[in-house]
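Please look over the model below. My notes follow as numbered points.

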Amino acid sequence: MPSTAPGLLIEVDGHPATEADLRLRALDTYGHFTAMQIRDGRTRGMDLHLARLDAATRELFGTGLDGERVRAALRHALDGVRDASARVYVHWRDETNGVPGSPVPGGPTGTGDPSLMVTVRPPAVLDRRPRSMMSVPYQRPVPHIKHLGGFAQIHYGRVAQLAGFTDALLTGPGGVVSEGAIANIGFWDGTSVVWPDAPALTGVTMALLKPRLPAAGIPSVRRAVTLADLPLFRTAFVTNSQGIAPVGRIDETVFPGDAELLKTVTEVYEGVEWDGI
């Protein structure tokens, strides 16, 4: 087994995905997932990934998800691969009819339990070039859950790229800034890193970075940010499972940039310890 994932591998509940496994999941978009980068058999924020999966499983399906089961599924799918991009998807397996489905607490759903699908791909390499983002009028539904069915995010991301931008910036009424299509966003006003106070998913990278910034002399606050406020900021950056990248402009607003700030923020994140799977 090579140390780096050579291509796409998919396992469902500990066995290689069958055509039936994939066919059923292609017809069921009710579920959630988490995504991580794995290096030397380790990942950052494993406890946060497990907490995310457990909380979303409880909210969507009315039962918890044991962290050791998730770890075992990841280790089995990796099978000795040390460097990879991995995802853990959670659906509901209805043992009455043998297909994934959404249980209704107290309803006629038969018996079942969460079904785990693990995908393993080659590791992603972060593009550290400044991003350009186009604002779009969309906020994700049930934003605190990393759920399936992100059609609008993909669509607006494609619209942004066709318009010459790197990615989309999701916004709400009044131009309130929420998040990137696939990342959180932070702004630097010369005094503090500002995280938008709006409906958004709390990404693992953001959750690891935010509480560690004050120790590096960088206050971190959460407050409302609108498109009209963008000229007030010196720089911006996005965070996701691949790491941290600068944002050079949003729409027509170009940020002056602050290389020292971005260097410190990146160093803070890269100083986070890696956890064993």
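**Notes on the model**

1. Start with the cavity lining. β1 (9-12) and β7 (112-121) each supply at least two residues of the lining of the largest cavity. Helices (H or I, at least four residues) and strands (E, at least two) are DSSP runs, numbered from the N terminus. The lining consists of Glu11, Val12, Asp13, Gly14, Ala73, Leu116 and Val118. Four of these residues are nonpolar, one is polar and two are charged. Here Ala, Val, Leu, Ile, Met, Phe, Trp, Tyr, Cys and Pro count as nonpolar, Asp, Glu, Lys and Arg as charged, and the others, Gly among them, as polar.

2. A word on the source. This is a predicted model: local features need pLDDT of at least 70, side-chain atom pairs count only at pLDDT 80 or more, and totals for chains, interfaces and linings use all residues. Residues are numbered from 1 along each chain as its sequence is written, and side-chain values use heavy atoms, with hydrogens and water left out.

3. The volume of the largest cavity is about 30 Å³. The count is one cavity of 30 Å³ or more. On a 1 Å grid over the protein atoms alone, a cavity is a set of points where a 1.4 Å probe fits but cannot get out; a pocket is an open set with protein on both sides within 12 Å along at least five of seven lines; lining residues have an atom within 4 Å of a point. Grid points are joined across faces, edges and corners, and a volume is the space filled by probe spheres set on the points.

4. Check Asp13. This residue has a positive phi of about 50° although it is not a glycine. Asp13 lies in the loop between β1 and β2 (15-16). Its relative accessibility is 28%, so Asp13 counts as partly exposed. (Buried means under 20% relative accessible area, exposed over 50%, partly exposed in between, with a 1.4 Å probe and protein chains only.) Asp251, also not a glycine, has a positive phi of about 55°. Asp251 sits in the loop between β15 (243-250) and β16 (253-254).

5. The second largest pocket holds about 290 Å³ of space. It is lined by 22 residues, and the closest to its centre are Arg44, Ser241, Gln242, Gly243 and Tyr269. The charged end of Arg44 sits over the ring of Tyr269, 4.6 Å from its centre. The rule asks for NZ of Lys or CZ of Arg within 6 Å of the ring centre and within 35 degrees of the ring normal.

6. Now strand β11 (residues 184-188). Five of its five residues are buried. Asn184, Gly186 and Trp188 point one way, Ile185 and Phe187 the other. β11 runs antiparallel to β14 (residues 235-240), joined by five bridges. Strands pair if DSSP finds at least two bridges between them. Gly186 stands opposite Phe237 in β14.

7. Which aromatic contacts deserve a look? The whole structure has seven aromatic pairs. Phe61 and Trp92 form a tilted one, 5.6 Å centre to centre with 35° between the planes. Phe187 and Phe255 have ring centres 6.4 Å apart and planes at 55°, so this pair is tilted. Rings of Phe, Tyr and Trp (its six-membered ring) pair if their centres lie within 6.5 Å; planes under 30 degrees apart count as stacked, over 60 as edge-to-face and the rest as tilted.
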